[in-house]
Amino acid sequence: FYILMNFAVGGQWPGDPSATTAFPQSLLVDYVRVYTPTTTPTTTVPPATTTTLPVTPVRSALSRIEAESFDAQSGVAKEATIDTGGGQNIGWIANGDSVTYRNVDFGSSGVSGVTARVASAAAAGVPGTAELHLDSSSGPIVGNLALSPTGGWQTWASKSATVTGAVGVHDLVVVFRSSQPADFTNLNWLSFTAPAPATTTTVPPTTVPTTTVPPTTTTALPTTTTTTSPTTTVPPARSRDAYSRIEAESFNTTAGTIRETTTDLGGGQDIGWIANGDNATYRRVNFGSSGATGVTARVASGAAAGVSGAIEFRLDSATGPKVGEFSIANTGGWQTWKSVPANVSGATGIHDLYVVARSGQPADFVNLNWMAFTRPSASSPAITVPATTVPTTVAPGTTTTVPPTTVPPTTGSFPFVFANNTGGRWSNSQIYVTVLGQSSPGQWSYLKADGSTAAINHLEATAPGHLTKNGRDYPNMSFRVDQAPSVRLASRMEGARMYLSLGSPLYIPVSADDKGWGGPNVNDPGDPNTDIYFDWYEFTYRDGVYAFGGNTTQVDQFGFPMTARIEQTSTGYDQTVGTTATRAEVYAKYAATVDPAFANLASTYRILAPRTSPAFHGSGPQANYLQSTIDQTWAYYTTHAFTLTRLGQTFTGKVVGTQLQFTKDGTGPYVLNKPSSADVFECSGALASGGMRPVELEMGAEFCAAFNRGVAINTADWYRPAAYYPAGPKNDFSAVFHTLGIGGRAYGFAYDDVADQSSVKILPNAKSPTRVTIGIGW
């Protein structure tokens with residue numbers, strides 16, 4: 001068959017081009033899905049390349065169905081929404097338009113209702129309905145939502161209706177009806193309601209006493225029915241997956257807590273008014289046969305100074321075995337949310353989970369939004385990689401096979417474990433790992449799936465199994481997570497970068513002298529990696545010499561959420577950094593909070609940091625974004641003394657002309673030239689460049705951090721994180737990732753480690769970690 005795709009210009013959406021329309025433009029096609037009657041259809045493409053198209057996964061009717069996630073549509077279009085949670089809605093909906101959602105599972109008991117999130121600026125008297133059909137637009141109608149104007153196309157309201165007859169797995173077809181032709185509604189999401197548990201009443205057989213009277217005389221006696229109390233049988237509750245997010249407000253029972261609306265990412269509700277002894281119960285949580293090793297909880301607290309407590313996770317009762325616990329104190333407000341990780345042990349199988357609050361005083365001390373447990377990491381003493389054929393990432397006519405290899409642990413080695421937290425969006429066979437670092441001074445090497453390293457070699461660009469894109473050949477230095485869900489790193493890898501990419505390996509050239517390699521350059525339209533989702537983790541390690549240290553980073557960009565957990569059993573070290581927010585939540589938070597100058601940094605594949613974007617440099621439209629606050633700060637320290645005391649050291653000075661002239665603990669003088677806005681975002685130029693003395697570089701790092709955080713004019717705030725990112729010119733990009741980062745940590749600009757705010761984590765000794773777990777989110 002052939003696929004024809006129409007690249008038409010103009011029409012009702014987004015409108016016909018005009019004299020102001022810029023060309024060329026592009027239409028990005030995410031994917032083309034082909035359905036056949038088989039359970040696993042297969043399309044054969046050139047030799048040695050086979051693509052298997054998955055069957056549309058089953059959707060749970062009891063999970064929110066985002067309107068824009070349709071599998072087919074007629075007449076509607078997607079657009080950005082400002083409703084709670086951000087993302088997209090569908091609009092331009094008129095009479096006869098429809099959307100189809102394949103394989104919706106309504107369960108064996110069916111559903112009893114539906115709620116839709118809608119908005120409408122239709123004129124008065126222009127109502128409509130949304131019919132819920134099964135399997136086709138003319139199939140049985142199981143529900144009908146009455147829709148009317150809400151006051152605006154982005155003024156959202158929830159509408160509900162009864163649903164009957166929806167049982168099992170069906171395609172859901174929503175057909176919109178109206179008595180006139182105008183657009184009349186927007187739709188953001190649908191959510192179905194499970195029926196109340198059914199009850200069965202069993203009545204024992206009726207016993208009728210009889211009476212015998214003398215012959216020839218019969219007396220009819222009233223019938224007496226003797227029954228026992230009715231017996232009610234309630235079907236067992238479905239088990240919950242411990243490794244999917246458990247919303248706090250979805251408890252089965254509670255003591256002392258109250259639901260409330262939350263302003264946290266994703267909206268919805270949290271539970272609050274939690275004090276000592278309060279608890280919430282979640283029935284039949286399935287931890288699996290291997291059990292859970294950790295939990296992350298989303299909490300907020302506006303408790304008074306000195307008021308703190310702990311959250312315990314117990315099994316089967318409020319006094320049952322305790323499998324995990326974390327402490328919590330004031331986070332900055334009852335709706336100022338942070339993700340708090342904790343270890344878990346002893347939770348296997350299916351149990352009722354009791355979340356119990358403990359505190360030494362009676363006041364409320366915490367709110368809880370959700371919790372998510374962590375699966376165990378692979379910890380086998382040796383890693384076996386099965387033979388695997390890579391069919392889709394190599395030049396036509398070739399395949400790459402990873403032979404079975406067992407890499408025994410050696411002194412100083414440790415495993416990197418990869419945790420696929422994409423929620424099914426990307427399979428392990430679609431997640432690629434590319435690790436480049438120096439295994440000896442000056443020698444760049446890459447890590448293979450079997451744990452061995454190989455020196456980079458430009459000749460591998462033409463070797464069997466090489467990569468090709470846009471007519472150019474590249475070495476294949478990547479492996480997939482399904483090939484190596486855990487890979488053991490040798491005792492030395494310095495200055496290393498671990499790239500994670502989704503759907504494709506990265507295309508990385510090697511210099512002709514094999515002394516260097518070229519990372520992705522997303523500002524180069526010809527770079528082969530611009531249409532690939534990727535992010536990275538940075539680390540360095542040499543057993544017995546350098547302690548293992550690593551960090552997630554947004555210094556250059558954000559591609560997708562990642563976490564990094566470093567464990568060292570011998571010292572009890574266990575630290576996790578990164579973000580547990582979904583990619584959609586990150587984009588929604590970014591869109592809702594940054595200044596308009598930063599808005600265009602977000603694109604389909606990534607959010608660029610201002611340091612990376614041409615818009616904030618040279619002749620770009622935002623090249624002077626911070627200049628007003630730089631000028632104001634330099635003018636202030638022209639007439640006021642500059643004093644900074646930190647880490648037991650004191651810097652004093654004053655601005656003279658365009659230079660800050662200062663001393664450190666009475667030694668000097670030293671100078672720092674006035675930076676430009678680009679210098680601040682890059683942390684370079686006047687703040688860090690060749691020829692500057694070490695003390696001047698120290699001061700340059702301090703000013704870089706202070707300007708990015710928006711606190712440069714008051715040194716009292718430079719080491720006070722609660723004061724960071726106030727209103728006014730600052731690095732809004734960095735502010736978003738600190739808000740979403742575990743413990744408020746992120747690497748949002750080059751000197752974000754000033755005042756220990758970055759995601760860098762370093763072991764307390766030069767011995768190997770027990771393991772490092774990299775979580776790949778979506």
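A pocket, as the word is used here, is an open set of grid points, on a 1 Å grid over the protein atoms alone, with protein on both sides within 12 Å along at least five of seven lines. The model in question is a predicted one, and its second largest pocket comes to a volume of about 860 Å³. That pocket is lined by 31 residues, and those closest to its centre are Thr-336, Lys-338, Ala-735, His-738 and Thr-739. Strand 26 (333-343), helix 1 (583-593) and helix 6 (732-740) each put at least two residues into the lining.

Another helix worth a look is helix 5, which runs over residues 694-709. Counting 16 residues, helix 5 spans 23 Å from its first C-alpha to its last, close to the 22 Å expected at 1.5 Å a residue. Helix 5 is largely enclosed by the rest of the structure, because 13 of its 16 residues are buried.

Next come the strands. In general, the strands of a sheet pair through backbone hydrogen bonds, in either a parallel or an antiparallel way. Here, five strands make up an open sheet with mixed pairing, and their order is 40-33-53-45-46. Strand 40 (486-489) and strand 46 (573-578) sit at the edges, each pairing on one side only. On average, neighbouring strands of this sheet are turned by 20 degrees against each other, direction ignored. At one end of that order, strand 45 (residues 562-568) pairs with strand 46 in the antiparallel sense, over six bridges. Arg-565 has Thr-576 of strand 46 standing opposite.

Asn-476 belongs to the loop between strand 38 (472-474) and strand 39 (479-480). Is Asn-476 buried or exposed? With a relative accessible area of 18%, Asn-476 counts as buried, because the cut-off for that label is under 20%. One of its polar atoms lies 3.2 Å from the backbone oxygen of Gly-465. The Asn-476 side chain also reaches the backbone nitrogen of Ser-478, at 3.4 Å.

Terms used. Residues numbered from 1 in each chain as written. Predicted model: local features only at pLDDT ≥ 70, side-chain atom pairs only at ≥ 80, totals over all residues. Heavy atoms only, no water. Helix = DSSP H or I, 4+ residues; strand = E, 2+ residues; numbered from the N terminus. Buried < 20%, exposed > 50% of the residue type's maximum accessible area, 1.4 Å probe, protein only. Polar contact = N/O pair within 3.5 Å; in protein donor to acceptor, adjacent residues only side chain to side chain. Pairing = 2+ DSSP bridges. Axes fitted to C-alpha atoms, helices over the stretch in contact; angles between N-to-C directions. Expected span 1.5 Å × (residues − 1). 1 Å grid on protein atoms, 1.4 Å probe; cavity = no way out; pocket = protein on both sides within 12 Å on 5 of 7 lines; lining within 4 Å. Points joined across faces, edges and corners; volume = space filled by probe spheres on them.
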